[in-house]
Amino acid sequence: MSALEQGSALGPRTFTVTRADLLRYAEASGDHNPIHSDEQVALSVGLPGVIAHGMFTMALVARAVAEWVPGAEVLELGCKFTQPVVVPAEGGAEVEVAGTVKQVEVDGDAARLTLALVVSSAGQKVLGMPRAVLRAPQP
């Protein structure tokens, strides 16, 4: 836990999102909106192409948080969806999650950590005000 002090930068995590990932997520979540799988439908509603599910993007954030603070209890995880993650037909879209420890409150044998996050794809932020609040055991 000593590395996670107020002001500590959390090393960026990069995830590749493919169309196959979107199909698997649609099956798991039940969200079969065609904007996540059909290029023509996505374009017809004004999107730049097939886009990742917002909650799939949030799941990547949760995965990064779990890598940074293994075993922590997630108390809050939130954001605003501001830009789509456009997933090309070939290859994939890169989603990068980075963060900073904004606050640490120690309470007995645990610490409450507030993480300010930055989530981007193709050089632009895709989530507005993403943050996580965790309860992590002290060593």
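Which residue in β5 is the bridge partner of S120? The partner is K125. This is a predicted model: local features need pLDDT of at least 70, side-chain atom pairs count only at pLDDT 80 or more, and totals for chains, interfaces and linings use all residues. Residues are numbered from 1 along each chain as its sequence is written, and side-chain values use heavy atoms, with hydrogens and water left out. Helices (H or I, at least four residues) and strands (E, at least two) are DSSP runs, numbered from the N terminus.

**Strand β4 and its partners**

- Strand β4 spans residues 110-121, and nine of its twelve residues are buried, so the rest of the structure largely encloses it. Buried means under 20% relative accessible area, exposed over 50%, and partly exposed in between (1.4 Å probe, protein chains only).
- β4 runs antiparallel to β3 (residues 93-107), with eleven bridges joining them. Two strands pair if DSSP finds at least two bridges between them.
- Within that pairing, T100 has A116 in β4 as its bridge partner.
- Two residues separate β3 and β4 in a hairpin. In the turn, G108 has a positive phi of about 65 degrees.
- β4 also pairs with β6 (residues 127-137), in the antiparallel sense, over seven bridges. Here T114 stands opposite V133.
- β5 (residues 124-125) pairs with β4 over two bridges, again antiparallel. These two strands form a hairpin with two residues between them.

**Nonpolar core**

- The largest nonpolar core has 31 residues. Such a core is a set of buried Ala, Val, Leu, Ile, Met, Phe, Trp, Tyr and Cys residues joined through side-chain atoms within 4.5 Å.
- V17, W68, V97, L113 and L115 touch the most other members.
- Elements giving two or more residues to this core are β1 (9-17), α3 (54-68), β3, β4 and β6. α3 gives the most, with seven residues.
- Leaving aside neighbours within four places in sequence, W68 is in contact with L4, L10, G11, R13, V97, A98, G99, L115 and L117. Contact means heavy atoms within 4.5 Å.

**Helix α1**

- R19, D21, L22 and A26 are buried in α1. Seen down the helix axis, the buried residues fall within an arc of 150 degrees, so they line one face. The arc is that of the directions from the helix axis to the C-beta atoms.
- On the other side of α1, L23, R24, E27 and A28 are exposed.
- The cover over the buried residues of α1 includes β1, α2 and α3.
- G30 follows α1 and has a positive phi, near 85 degrees.

**H36 in its loop**

- H36 lies in the loop between α1 (19-29) and α2 (39-44). H36 is buried, at 8% relative accessible area.
- A polar atom of the H36 side chain lies 2.7 Å from the backbone oxygen of I51.
- Beyond neighbours within four places in sequence, H36 is in contact with L22, D31, V50, I51, A52 and H53.

- Most residues other than glycine have a negative phi.
- A122 is not a glycine, yet has a positive phi of about 55 degrees. A122 sits in the loop between β4 and β5 and counts as exposed, at 81% relative accessibility.
- M129 has a positive phi too, near 50 degrees. M129 belongs to strand β6 and is exposed, with a relative accessible area of 63%.

Conventions. A polar contact is a pair of N or O atoms within 3.5 Å; within protein, one must be able to donate a hydrogen and the other to accept it, and residues adjacent in sequence count only if both atoms are side-chain atoms.
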